Structure formats: C-alpha cells, structure tokens
Amino acid sequence: RAISSQHPVTVQCQEAQLVVTVHRDLFGTGRLVNAADLTLGPAACKHSSLNPAHNTVTFTAGLHECGSVVQITPDSLIYRTLLSYDPSPASNPVIIRSNPAVIPIECHYPRRENVSSSAIQPTWAPFSSALSAEERLVFSLRLMNEDWSAERPFTGFQLGDVLNIQAEVGTENHVPLRLFVDSCVAALSPGTDSSPHYTIIDFNGCLVDGRSDDTSSSFITPRPREDVLRFRIDVFRFAGDARNLIYITCHLKVTPADQAPDPLNKACSFNRARNTWAPVEGTRDICGCCETGNCESPA
C-alpha cells in the first residue's frame with residue numbers, strides 16, 4: 001500500500017522478519033517527526049534505513065527480535081510488538097508541541113497445513129499428522145470481546161473497563177481434558193519476576209483479585225467446554241507508571257476431564273454477597289485453602 005498521511009504506518013509480515021515503514025508525517029499535520037524519536041519494540045530498536053525523498057523511516061527486524069512476544073492459538077502464530085514515538089524535548093523546555101504515541105503491530109501466521117519448499121512425497125507423514133500422533137497440547141490465552149464471540153482487537157482499555165480472558169487448550173485427538181489456570185501475574189515487563197508485580201490468580205486456581213475491594217473479577221460459570229476456561233478482570237494500571245502497558249503471564253494446566261476437581265486443580269471465585277469462595281465445578285470445600293493460602297497436597 002502506498003505510504004500517505006492517511007496510512008502513516010505499514011507492515012510487511014515476511015517469512016522470518018517484519019518490515020515496518022513509517023511516514024514522518026505521522027500525525028497527518030504536515031509536521032515531520034524526527035526519525036531518531038521512533039523505536040521498535042520494548043528493546044527500542046532503531047530504524048534500519050531512511051528515504052529522504054519520500055520522508056519514510058524503515059525498521060527491519062526478525063520476528064523474535066526487539067522484544068516482540070509470540071502468542072500461539074489453535075490456528076495461528078501471532079507476533080506482537082510496538083512502534084513507539086517519544087519526541088525529543090523542544091528547544092524551549094517550557095512548552096510541548098507533540099505527544100508521544102504507541103502503535104501496536106501484529107503479524108499473523110497460519111499454523112495449519114504443511115509448510116515446505118518442495119512437494120510432499122507420498123511416503124512422507126504430513127506435519128499435522130505427526131503433531132496428532134505425539135499428542136501435543138497447544139495452550140492459548142486470549143483477550144475476547146464483550147460477548148466472547150471473537151478475539152478482541154489489540155487496542156487500549158480505560159480504567160473501569162473489564163478484561164475478558166479466555167484460556168483454551170487444543171487437544172487434537174487427545175482424551176478429553178479439563179483446563180485450569182494455576183496462576184496469573186501482571187507486571188510491567190514479560191515474566192513474573194519483575195517488580196512491581198500484581199497477583200491475579202494464585203494458590204492453584206484461586207482468583208485472588210476478586211477478593212480486593214470494589215472488584216467484580218471472577219471466573220465465568222458454566223464453562224462453554226471442559227477445555228476452555230473464562231474469567232473477567234477489572235482493568236487496572238500500576239501506580240506511578242506512565243507507560244500504561246501491562247503484561248499478564250499465566251500458568252495453564254490440564255487434568256483428565258473425568259478427574260474430580262480438588263484443591264490442586266480448581267477454579268475458584270470469591271462471592272462477595274456470601275463472603276465465601278465458590279468453584280466453577282466441584283464441591284465448595286476445594287476452595288477452602290484460597291483463604292488460608294495453603295493449597296499444597298497433604299500427600
């Protein structure tokens with residue numbers, strides 16, 4: 001697509017890299033941004049080339065470079081990164097003429113079918129068949145729209161909004177499985193070890209965020225399927241942080257669908273009206289350890 005002020009950012013998703021082209025008239029005002037103020041990804045990678053004739057800046061980066069993150073869904077590999085504009089201070093520091101901006105970027109790659117540069121010989125086992133034979137499990141965690149019918153576009157949230165999060169496992173030809181979310185931690189960077197961080201789910205499936213004041217966070221019951229688990233979280237941000245960007249890291253696991261939920265395999269929400277914990281399925285006693293924080297197996 002031709003670069004213009006109506007389409008100031010274009011992305012090419014190539015086999016092993018992405019190419020981001022940015023028109024320096026980023027806001028369509030006629031005022032060109034400084035190329036040095038544009039960076040790609042959490043690693044703040046600099047541009048790879050400039051085109052003075054067209055006033056464009058180009059970033060070329062491998063799919064795993066510059067701090068991009070990958071999400072695996074049953075059908076796609078989704079690589080996500082951010083284009084950031086952080087304007088340099090003006091010559092007069094008393095005034096500001098341009099706001100910073102963050103533009104989300106995604107590349108989607110289909111996971112289905114075979115990928116090969118040559119024709120498949122009759123004696124070869126198709127890639128999808130090999131995956132099924134090994135009974136690999138594909139876990140996914142997605143932000144969903146209000147009625148849970150589709151994945152939510154990668155856009156921002158306002159305080160007061162609700163995050164609809166759907167955890168799912170692709171079982172292929174596996175025996176029926178029940179999915180659980182063991183833990184979820186929010187932080188300002190990928191992973192769970194950075195500081196500050198905030199625990200959303202803990203103690204093998206206790207949605208502890210719902211225990212906080214003025215929240216409605218909870219698991220959704222009943223499940224749509226045994227291999228799917230949904231929960232809602234009230235939107236929040238970290239105090240004193242200007243980035244307004246939060247990473248949520250969750251640990252998902254499965255058990256055989258015919259195995260009864262227990263204190264180590266459960267999905268429990270806090271019922272504020274009754275001042276007690278309630279499970280999505282199973283008996284109420286499996287949630288008792290959510291209050292004590294000790295859900296270790298007695299064996």
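What follows is a chat about disulfides, a strand pair and some backbone details in a predicted model.

Reader: What sort of model is this, and how are residues numbered?
Author: This is a predicted model, where local features need pLDDT of at least 70 and side-chain atom pairs count only at pLDDT 80 or more, while totals for chains, interfaces and linings use all residues. Residues are numbered from 1 along each chain as its sequence is written, and side-chain values use heavy atoms, with hydrogens and water left out.

Reader: How many disulfides does the structure hold?
Author: The structure holds 6 disulfides, a disulfide being a pair of cysteine sulfur atoms within 2.5 Å. Counting bonded cysteines along the chain, the pattern is 1-4, 2-3, 5-7, 6-11, 8-9, 10-12.

Reader: Which cysteine is joined to Cys-13?
Author: Cys-107 is the partner of Cys-13, at 2.1 Å from S to S. The link of Cys-13 and Cys-107 is left-handed, with -85° about the S-S bond.

Reader: Why does that pair tie together separate parts of the sequence?
Author: Because Cys-13 lies in strand E1 (residues 9-13) and Cys-107 in strand E8 (residues 101-110), the pair ties together parts that are 94 residues apart in sequence. Strands (E, at least two residues) and helices (H or I, at least four) are DSSP runs, numbered from the N terminus.

Reader: Is Cys-107 buried or exposed?
Author: Cys-107 counts as buried, at 1% relative accessibility. Cys-13 is partly exposed, with a relative accessible area of 35%. Buried means under 20% relative accessible area, exposed means over 50%, and partly exposed is in between, using a 1.4 Å probe and protein chains only.

Reader: And Cys-45, where does its disulfide go?
Author: Cys-45 forms a disulfide with Cys-66, and their sulfur atoms are 2.2 Å apart. The torsion about the S-S bond of Cys-45 and Cys-66 is about -115°, so this disulfide is left-handed. Cys-45 lies in the loop between strand E3 (38-40) and strand E4 (49-51), and Cys-66 in the loop between strand E5 (56-62) and strand E6 (69-72), so the pair ties together parts that are 21 residues apart in sequence. Cys-45 is partly exposed at 23% relative accessibility, and Cys-66 is buried with a relative accessible area of 10%.

Reader: What about Cys-268 and Cys-287?
Author: Cys-268 and Cys-287 form a disulfide with sulfur atoms 2.0 Å apart. Their link is left-handed, with -80° about the S-S bond. Cys-268 is in strand E16 (residues 268-271), while Cys-287 is in the loop between strand E17 (276-279) and helix H2 (289-292), 19 residues apart. Both Cys-268 and Cys-287 are buried.

Reader: Where is Arg-284?
Author: Arg-284 is in the loop between E17 and H2. The C-alpha atoms of Arg-284 and Cys-268 are separated by 8.9 Å, and the two residues are 16 residues apart along the chain. Arg-284 is partly exposed, with a relative accessible area of 42%.

Reader: Which residues is Arg-284 in contact with?
Author: Leaving aside neighbours within four places in sequence, Arg-284 is in contact with Arg-274, Thr-276, Trp-277, Ala-278 and Pro-279. Contact means heavy atoms within 4.5 Å. A polar atom of the Arg-284 side chain lies 3.2 Å from the backbone oxygen of Trp-277.

Reader: Switching to strands. Which side chains along E9 are buried?
Author: In strand E9 (residues 138-144) the side chains alternate, with Val-138, Ser-140, Arg-142 and Met-144 pointing to one face and buried.

Reader: How many bridges join E9 to E10?
Author: 7 bridges join E9 to strand E10 (residues 162-170), and the two run antiparallel. Two strands pair if DSSP finds at least two bridges between them. Leu-141 has Ala-167 as its bridge partner in E10.

Reader: What is phi of Asn-55?
Author: Phi of Asn-55 is near 55°, a positive value in a residue other than glycine. Asn-55 is in the loop between E4 and E5 and is partly exposed, with a relative accessible area of 24%.

Reader: And Asn-204, buried or exposed?
Author: Asn-204 is buried, with a relative accessible area of 18%. Asn-204 is in the loop between E12 and E13, and its phi is near 60°, a positive value in a residue other than glycine.

Technical notes. A polar contact is a pair of N or O atoms within 3.5 Å; within protein, one must be able to donate a hydrogen and the other to accept it, and residues adjacent in sequence count only if both atoms are side-chain atoms.
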